[in-house]
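Welcome! Please take a look at the sequence and the structure below, and then we can walk through a few of the features together.

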Amino acid sequence: MDAEISPPQVVARVKRLSEDRSTAFLELRNGSIVTCTTSGIWNLERGDIAFVDTEGGTVEFAPEELWDEEPWVGVVRLLSPGQVVIDVGGRLKILDEPLDIDLREGNTVTGYESRGITQVISEDPVRYIDLPTVDSVTVEQFKASPDRSLSFEDFGGHADIKERARELIEVPLEHREALTRIGARPIKGVLFTGLPGTGKTMLAKIIAHRADAEFYEISGPEILSKWYGQSEELIRKIFEDAATQERAIIFFDEIDSLASQRNEDSHEASRRIVGQLLSAMDGFTSDTNVVVIATTNRPQDLDGALRRPGRFDWEIDFPPPNLEDRRAILEASARRLNKAENLPHSHIAEKTANWTPAELAAIWSEAALLAVMESRDAIFEDDYVSGYERVAQYRRSTAHKSSERISGES
Ligand SMILES: Nc1ncnc2c1ncn2[C@@H]1O[C@H](COP(=O)(O)OP(=O)(O)OP(=O)(O)O)[C@@H](O)[C@H]1O
Ligand SMILES: [Mg+2]
């Protein structure tokens, strides 16, 4: 049997036609574009598949299947007249509304780059099946088991912060009904600002424990990475669960990781998470006894919507501790340790200007190690001072590294 073999051709797709239809812009499989001009007009439409013979200079229709396009799957986020916004794996696309398909927000649809939306495959948003489903068991994971032994006495210094936190969180949780009777505006959100290690999480946990409140701890970066695609649902469920508790604190750590994301891909996702958080807070009823605490190192970067009345409109700053605070923190963080009498707290406090509470507390871990290595069952002055020196040494080396990094960057 004789076979007729055509010269080599490549498959291309019509990307665009010039207004007078004399020029066609064709996309090749490798993504590059070729321009084909004719003295007449091209009989092609956008999205058509064609054979292109680059040597012979011919362009002919080709069967559509030859393009073998990968379909995308996405969720309808917004319907506006004539147009649809689709979320495809966190990226938004604007497409023409199909004439023959009824769409609703939240539908899962498939489509092709060239043809737009072709089918509704589910009335509901697609789930990321490699992630666990968000149910009541998932919500349990976010409940931090309270450290029953932790009390205000463990939180050294910063009397003003403790007092303010009690006023803004503990009192409202304990006296919600009385405040409602007075007609006071409920306190829903309190922003904790301050550098890492300044005691924000610790104080929130102490208050939750004292107020006998359920404590939900959500980390901003984790919700963007681990719970990506389900984070809004997760936040909704956590708030629903909190609303059923007699008292609850929802602790949203590092909220700036959501509210100041500049990265293109995750920007949309974080915007939606913040939106869900705000709508959950706006949805508090008079029965909801929940205070949301969010922490950030960069309050200036937060989305203005978060700071509006009825949201995070109260702020407590955790500054670096002063001399007196440092002394109190050193004492408080050694409360439960076996130690000699009359340890030189004031001396160490003087030497630790600009240290964070976490760094101060670390002195005790080092001191305890030293004592154990010397077979002592209590911490003595030498252990304490050497513990201080070890943490100071560590601080110097990390400060050195980070200043190297900074000078290397410039
Ligand atoms: N006022 C304090 N008194 C005693 N210890 C403290 C105090 N503040 C912090 N610490 C110690 O520092 C540790 C770290 O504090 P915490 O985790 O609350 O800091 P944070 O502000 O939440 O930091 P990050 O921003 O990194 O989450 C605590 O576990 C505790 O050991
Ligand atoms: Mg923390």
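Strands here are DSSP runs of E with at least two residues, helices are runs of H or I with at least four, and both are numbered from the N terminus. Two strands pair if DSSP finds at least two bridges between them.

A word on the model: it is predicted, so local features need pLDDT of at least 70 and side-chain atom pairs count only at pLDDT 80 or more, while totals for chains, interfaces and linings use all residues. Residues are numbered from 1 along each chain as its sequence is written, and chains are lettered from A and ligands numbered from 1 in the order in which they are written.

## The sheet and its helix

β11 and β14 belong to an open sheet of five strands, in the order β12-β13-β14-β11-β15, with parallel pairing. At the edges are β12 (214-219) and β15 (314-318), each pairing on one side only. On average, neighbouring strands of this sheet are turned by 20° against each other, direction ignored.

Helix α4 (residues 200-210) packs on the sheet and touches β11, β12, β13 (248-253), β14 and β15. Contact means that C-beta atoms, placed from the backbone, lie within 7 Å. The direction of α4 makes about 170° with that of β13; axes are lines fitted to C-alpha atoms, for helices over the stretch in contact, and angles run from 0 to 180 degrees between N-to-C directions.

## Two residues with positive phi

H158 is not a glycine, yet has a positive phi of about 45°. H158 lies in the loop between α1 (136-141) and α2 (159-174). Likewise, E254 has a positive phi, near 55°, and sits in the loop between β13 and α7 (256-259).

Are these residues buried or exposed? H158 counts as buried because it has 23 C-beta neighbours inside 10 Å, and E254 counts as buried because it has 21. The cut-offs are 20 or more other C-beta atoms within 10 Å for buried, 12 or fewer for exposed, and partly exposed in between, with C-beta atoms placed from the backbone.

Notes:
Two residues are in contact if their C-beta atoms, placed from the backbone, lie within 7 Å.
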